[in-house]
Amino acid sequence: MSDEIDFDEILGKYHSDPYEYVDIYASHTGVIRFLVEEGSSVDAVSGEWKHVPGTALFEITRENNPKKVTALTNGVVSSIRSELEGCFVEAGAKLLTIRHPLKKKEIIESILKEVLYIFPAPERAKYFFSLDVQSRIEKKGAREVSVKPGDEIIIMSLMKRDTPVYYSGEKGVIHSVYFKPGVSVDQGAPLIGICPTEKLPLIKKIITRVKADWDQKE
Amino acid sequence: MDNLTLLSPSVLDDYVITVERPRLKNEGLGDNEKLFRYGASLGSVIRVYPSLDRAMDHAREHIRLREESRRSVANGTLILASTLTLSKGRFSRSWHAPPGGLWGCLIFADTLLPQFRNFLPLIPGIACCEALRQVGASDASIRWVNDVLVQGKKLAGFLVEGVCSPVHREQYHLLGFGVNLNNDCFPPELKGSAISLAQVLGAEVDLASFALSFFAKLRYYTGLLFHEEEQWLARGGLREYTDEHPVLKRWKELSDTPGQRVIFGYDVMESPQYEAVVSGISNDCGLVLLHADGTESVEHSGEVRYCP
């Protein structure tokens, strides 16, 4: 992470294109039938327990077992590989892209994700801090809790199987926490963002600058 | 001291050959020698203690001491104690473990592929439920994920915790088990929700015999888990395992969770989240929940309590 941040460049990027482009891939092999088209608006998953599915994007059928895949984020379908309609695709094939409009908070998070060390979820599961880390957070606050490689920081809970997750990455303090206890986190999604202590002033500067700039714009 | 000291790896081997394999053959499950062979490490070492604080903690200490003395940890080591003085369930809930029950921990090297790890926590529930039915607790059933209930009360509970060994950074699963057999006094907070096998049958059971039956079944189902993994790899090992695993199939036969109206929560006792009807179990062991507004969600972590 550099000490110098070109704020104008970063903010200019978000001003000119305040969107996140979310690529959607085939989760497994199968025959594709699209349920949206380019330009379609899509709704995100919703409901108190995230139990109301988002807009159905496509149906993928393998061995006569059709599965509808729904949107997790809202936005507009900005591109779609309509040439794949009715075709058999491999797992991981890119199918469409959703252009998701970013809010101020999301822009700050998005910039922070570029400058913090992001520790991702190893599996789709529920996560909570290990007892030691949790008690240190309760006493001092997350940004006073430092972690180093090899520390047992998080417990992954899946099917009543609790597995310690060991931190690997830069030494630093827990700046951002992206999970909530009891809420499932997808594999690869960020769990925590770590910031070396000496970089904290820089992070604060980013947040202040983005807030001020965005408020001015609005 | 109870008769758990009679247990040894060779006694378990003999039980598998003379009792469990013929029983399964009589039930039409064919030649099961291969599956038992795949699960044969389970019980390769059996250590019995009169009393321990917590079997899981003792297992961690055992792993540490073995590694520090430059010796390996036997996969499938079983640690048993006649009583546990500081036992606990999940989320620091109390678990009463006086003499008369079957308390312990299995050390299981984490060699399963990620696609198959979800099935591991199902296995102790299946093995215990089968062993209970075999001795007469015919209405024993499994509540998602692996609680075993009889007459609506908890008779057995299981925990699976991961551990990374301190010296060689090997990954292990510690499978903690607690089965209320002849212990029939429960502390006030557990009265009404816990039951023992002796209370169900109206007579005491032989601890070592029950333990042999339970461990033999654990061997069979862990063998089935490894065997299915090997078969899947032989078929090409696609990115996801989407078949109905035979372990899950057996779990469904023994569980009364599908169809129940439940309260769901990550820690359902402290923080119940919502009420829904269990409409099914997904092939990756997720609980499919039908909400009042007609939508469905799938949960892979958490626990349920049945609504009265």
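This is a predicted model: local features need pLDDT of at least 70, side-chain atom pairs count only at pLDDT 80 or more; totals for chains, interfaces and linings use all residues.
**Exercise 1. Confidence**

Find the scores the predictor gives the complex, and the mean pLDDT of chain B.

*Solution.* Start with the complex as a whole: the predictor gives an ipTM of 0.82 and a pTM of 0.86. Then turn to chain B, where the mean pLDDT is 93 and 99% of the residues reach 70 or more.

**Exercise 2. A sheet in chain A**

Work out the strand order of the open sheet in chain A that holds E5, E4, E2 and E7, and explain why one side of E5 and of E7 is left without a neighbour in the sheet.

- Step 1: for a look at one pair, take strand E4 of chain A, residues 56-62, which pairs with E5(A) over 6 bridges in the antiparallel sense. Within that pair, A:Thr70 of E5(A) is opposite A:Ala56.

As a reminder, backbone hydrogen bonds are what pair the strands of a sheet, whether parallel or antiparallel.

**Exercise 3. Two domains in chain B**

Locate the two domains of chain B and describe how domain 1 of chain B contacts domain 2 of chain B.

*Solution.* First, the bounds: the domain assignment places domain 1 of chain B at 3-234 and domain 2 at 257-306. Next, the spacing: 26 Å separates the C-alpha centres of these two domains of chain B. Now the contact, counting C-beta atoms within 7 Å: domain 1 of chain B contributes 6 residues and domain 2 of chain B contributes 7. Finally, the domain 1 side of chain B that touches domain 2 consists of 4 nonpolar residues, 1 polar and 1 charged.

**Exercise 4. Where chain A meets chain B**

Which elements of chain B each supply at least two residues of the side that touches chain A, and which strand of chain A pairs with E6(B)?

*Solution.* 
- Step 1: the contact involves 22 residues of chain A and 24 residues of chain B.
- Step 2: on the chain B side, helix H4 (114-117) and strand E6 (153-164) each supply at least two residues. E6(B) gives the largest share, with 4 residues.
- Step 3: sorted by class, the chain B side that touches chain A has 11 polar, 9 nonpolar and 4 charged residues.
- Step 4: the partner of E6(B) is strand E13 of chain A, residues 161-166, in a parallel pairing over 2 bridges. Here A:Asp162 stands opposite B:Glu161 of E6(B).

Notes
Residues are numbered from 1 along each chain as its sequence is written. Chains are lettered from A and ligands numbered from 1 in the order in which they are written. Two strands pair if DSSP finds at least two bridges between them. Domain bounds come from an automatic or database domain assignment. Two residues are in contact if their C-beta atoms, placed from the backbone, lie within 7 Å. Ala, Val, Leu, Ile, Met, Phe, Trp, Tyr, Cys and Pro count as nonpolar, Asp, Glu, Lys and Arg as charged, and the others, Gly among them, as polar. pLDDT is the predictor's confidence in each residue, from 0 to 100.
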